[in-house]
Amino acid sequence: MISESELEERLERARGNPEAEQEFFQYLLEATVYAHVPISDDCAKFRLIQFKHPDGFDTLPFFTSESKAAVAAGKSARIVTFTGRELLEITRGAILMLNPNDGGAVLYPEEIESLLATGTIVQVRKDPWSGGPSWFGSAERQPSWLVPVLTRTLAQQSSVTSAYLIQTAPEESPEVVSLLIVLGVEPGQAEGAARACLTSMQPEIQRSPPELAIDLTVFDPAQGVPDFVAGCGVEPFFRRKS
């Protein structure tokens with residue numbers, strides 16, 4: 001079994017390094033991890049402690065070292081140990097956060113399922129919008145699997161109200177066409193919904209790489225549909241029934 005110090009070293013190596021990040025999560029499955037339970041609990045069921053994430057959702061903290069778990073626990077919790085795989089399996093459906101006091105990674109249910117099944121988590125790259133002029137239109141070229149896969153995934157994401165698929169390209173390079181998924185989602189739930197979509201797409205992309213790059217962005221439904229989407233005249237491929 002991988003030692004605590006080696007796991008910590010691999011975690012540091014993984015920061016900003018996608019390849020090392022994948023290796024870290026593979027080692028995490030077999031490493032010892034630490035979580036919290038109540039000091040005294042009359043409940044007949046085994047219960048792990050969760051906390052409210054700043055974005056408003058409940059998340060279950062776990063730790064790569066006993067010392068980090070002890071600092072977070074203080075005198076209000078007991079520490080229990082698992083292998084990473086054991087913890088992920090018994091908490092299926094929950095959102096987990098690794099080393100929350102160190103700005104650790106959030107693991108969403110779909111990512112956990114992927115990690116348990118394949119040993120990998122989809123790599124997510126966040127790029128700021130350049131703000132440059134672009135054209136947007138209906139998605140004339142799209143993989144046949146894309147909308148069905150996304151529709152099934154979004155049906156499980158209660159925070160998503162609508163989703164659009166459009167085609168876009170920079171005005172100065174109209175031949176550089178890509179697809180853009182646009183989700184209307186509550187701000188605090190946006191990252192989880194985006195990661196769920198990307199995770200669901202990954203197996204299909206590996207089996208049949210699409211001709212066009214596929215990007216994803218979000219908007220707050222309370223602020224209305226963005227002008228660049230409304231101007232396309234494209235109808236949502238997904239709309240949550242009220």
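Modeller: Buried means under 20% relative accessible area, exposed over 50%, and partly exposed in between (1.4 Å probe, protein chains only). This is a predicted model: local features need pLDDT of at least 70 and side-chain atom pairs 80 or more, while totals for chains, interfaces and linings use all residues. Residues are numbered from 1 along each chain as its sequence is written, and side-chain values use heavy atoms, without hydrogens and water.

The chain first. It has eight helices and 11 strands (DSSP runs numbered from the N terminus: H or I, at least four residues; E, at least two). Of its 242 residues, 44% count as buried. The C-alpha atoms fill a box of roughly 60 × 40 × 30 Å along the principal axes. Take contacts (heavy atoms within 4.5 Å) between residues at least 6 apart in sequence: 73% of them join residues at least 24 apart.

Now the close look: helix α6. It spans residues 146–154 and packs on helix α7, residues 190–207, at an angle of about 140 degrees, with the axes 9 Å apart. The crossing of α6 past α7 is right-handed (near helix turned clockwise from the far one by less than a right angle). On the α6 side, Leu 146, Val 149, Leu 150, Thr 153 and Leu 154 make the contact; α7 brings Ala 196, Cys 197, Ser 200, Met 201 and Glu 204. Seven of these contact residues are nonpolar, two polar and one charged.

Burial in α6 involves Leu 146, Val 149, Leu 150, Thr 153 and Leu 154. They sit on the same side of α6, because they cover an arc of only 125 degrees around the axis (from directions to the C-beta atoms). The cover over these buried residues includes α7, along with β8 (160–170), β9 (178–185), β10 (213–219) and β11 (238–239).

Two single residues are worth a look elsewhere. Asn 99 lies in the loop between β5 (96–98) and β6 (106–107). Its phi is near 45 degrees, a positive value in a residue other than glycine. At 3% relative accessibility, Asn 99 counts as buried. Thr 83 belongs to strand β4, residues 77–83. Thr 83 also counts as buried, at 17% relative accessibility. Leaving aside neighbours within four places in sequence, Thr 83 touches Met 1, Leu 29, Glu 30, Ala 31, Thr 32 and Val 33.

Key. Axes fitted to C-alpha atoms, helices over the stretch in contact; angles between N-to-C directions. Nonpolar A, V, L, I, M, F, W, Y, C, P; charged D, E, K, R; others polar.
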